[in-house]
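I opened this notebook to record what I looked up in one structure, entry by entry. The entries go from the whole chain to its parts.

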Amino acid sequence: ITQQFNVPYTRRPGEKLPDDVKKSLIRANQQYKKTRDFQNYTQTLQKILGLPDFVPFTDQEKSFFGGFLEGEGSVSVSAKKSETSRFGVYFDPEFSVTQHVNGSIHLYRCLCHFRTGSIRHKSKSNATLVYTIDSRESLKQKVIPFFKNYVLPTACVPKKIRFQRWCKLLDLFDQGAHQDMKRFLYEIGPIWDELRMQKGQVNESFTSLENFQEYVIAHVKSKGEK
């Protein structure tokens with residue numbers, strides 16, 4: 001007897017994701033942002049990408065999945081300028097996994113396992129998709145426990161150190177450090193700078209930690225705040 005599988009959406013090397021698929025993903029994410037109907041969101045993505053039903057992981061499968069995330073997952077924090085923010089900048093921590101559309105099943109499994117986050121097309125790429133969690137509560141309650149149990153035990157030392165720094169940054173948010181200017185500048189700022197993977201890019205918000213600190217100080221001074 002031949003086992004039947006769903007036929008997932010695939011592209012050959014160099015082929016672009018068709019506009020109708022991109023638009024379908026955008027609509028699905030916009031709808032999800034409005035309704036927060038997770039079940040409908042996952043069913044919509046499953047249909048768009050032609051994916052099979054998600055079956056919850058066994059403990060052994062969680063260990064294999066942890067190995068996958070050690071290689072493909074990424075924790076990061078970005079600094080974004082904002083005139084409406086108290087200090088002119090806000091930090092956006094996130095967890096993400098990037099895959100070519102041919103590997104979309106892995107992103108879908110992430111989504112269904114963590115039961116939060118979203119999948120989108122990576123802008124300016126041919127057919128790359130990104131799964132992202134940017135809710136600090138979800139990062140603390142879902143991502144961190146999974147990493148501690150299934151990723152860190154076999155992770156390389158640099159990734160363990162990076163993860164510890166990222167967790168420290170989330171702890172600082174819990175302590176309210178992002179609302180205190182000195183702590184924002186001299187505790188959160190240095191961790192953000194340490195976590196930056198690519199420096200010297202044309203579109204980066206700040207060229208250095210010092211550049212970030214000078215910008216915040218100037219912004220607060222211009223607003224007449226202490």
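Predicted model: local features only at pLDDT ≥ 70, side-chain atom pairs only at ≥ 80, totals over all residues.

**Entry 1. The whole chain.** I looked up the secondary structure and found eight helices and four strands. Along the sequence the pattern reads α-α-α-β-β-α-β-β-α-α-α-α. The C-alpha atoms fill a box of roughly 75 × 40 × 35 Å along the principal axes.

**Entry 2. The sheet.** In what order do the four strands of the open sheet lie? I found the order E1-E2-E4-E3, with antiparallel pairing. At the edges I found E1 (73-81) and E3 (118-121), each of which pairs on one side only. From one strand to the next, the twist averages 35 degrees. I recalled that strands of a sheet pair through backbone hydrogen bonds, either parallel or antiparallel.

**Entry 3. The pairs, one by one.**

- E1 and E2 are antiparallel and share nine bridges; here alanine 79 stands opposite phenylalanine 91 in E2.
- E2 and E4 are antiparallel over six bridges; threonine 98 is set opposite valine 130 in E4.
- E3 and E4 (residues 128-133) are antiparallel over four bridges; arginine 120 stands opposite valine 130 in E4.

Entry 4. Which strands does helix H1 lie across? H1 (residues 19-35) lies across E3 and E4 and runs at about 150 degrees to E3. Helix H6 (residues 157-174) also packs on the sheet, where it touches E1 and E2 (89-100). The direction of H6 makes about 45 degrees with that of E1.

**Entry 5. Two helices together.** I looked next at H2 (residues 38-49) and H4 (residues 104-114), whose axes come within 11 Å and cross at roughly 175 degrees. Angles over 145 degrees count as roughly antiparallel, and H2 and H4 are therefore roughly antiparallel to each other. From H2, the residues Phe38, Tyr41, Thr42, Leu45, Gln46 and Leu49 meet Ser104, Tyr108, Leu111 and Cys112 in H4. By class, this contact has seven nonpolar, three polar and no charged residues.

**Entry 6. The largest pocket.** I looked up its volume, which is about 1,600 Å³. The lining has 40 residues, and Ser76, Ser78, Lys80, Glu94 and Arg120 lie nearest the centre. The elements that give two or more residues to this lining are H1, E1, E2, E3, E4 and helix H7 (181-195). Which element gives the largest share of the lining? That share, seven residues, comes from H1. The lining divides into 11 nonpolar, 17 polar and 12 charged residues.

**Entry 7. Two backbone angles.** I recalled that most residues other than glycine have a negative phi. Arginine 36 has a positive phi, near 55 degrees, and is placed in the loop between H1 and H2. For arginine 115, phi is near 55 degrees and positive as well; this residue lies in the loop between H4 and E3.

Technical notes:
Residues numbered from 1 in each chain as written. Heavy atoms only, no water. Pairing = 2+ DSSP bridges. Axes fitted to C-alpha atoms, helices over the stretch in contact; angles between N-to-C directions. Contact = heavy atoms within 4.5 Å. 1 Å grid on protein atoms, 1.4 Å probe; cavity = no way out; pocket = protein on both sides within 12 Å on 5 of 7 lines; lining within 4 Å. Points joined across faces, edges and corners; volume = space filled by probe spheres on them. Nonpolar A, V, L, I, M, F, W, Y, C, P; charged D, E, K, R; others polar. Parallel < 35°, antiparallel > 145°, perpendicular 65-115°, else oblique.
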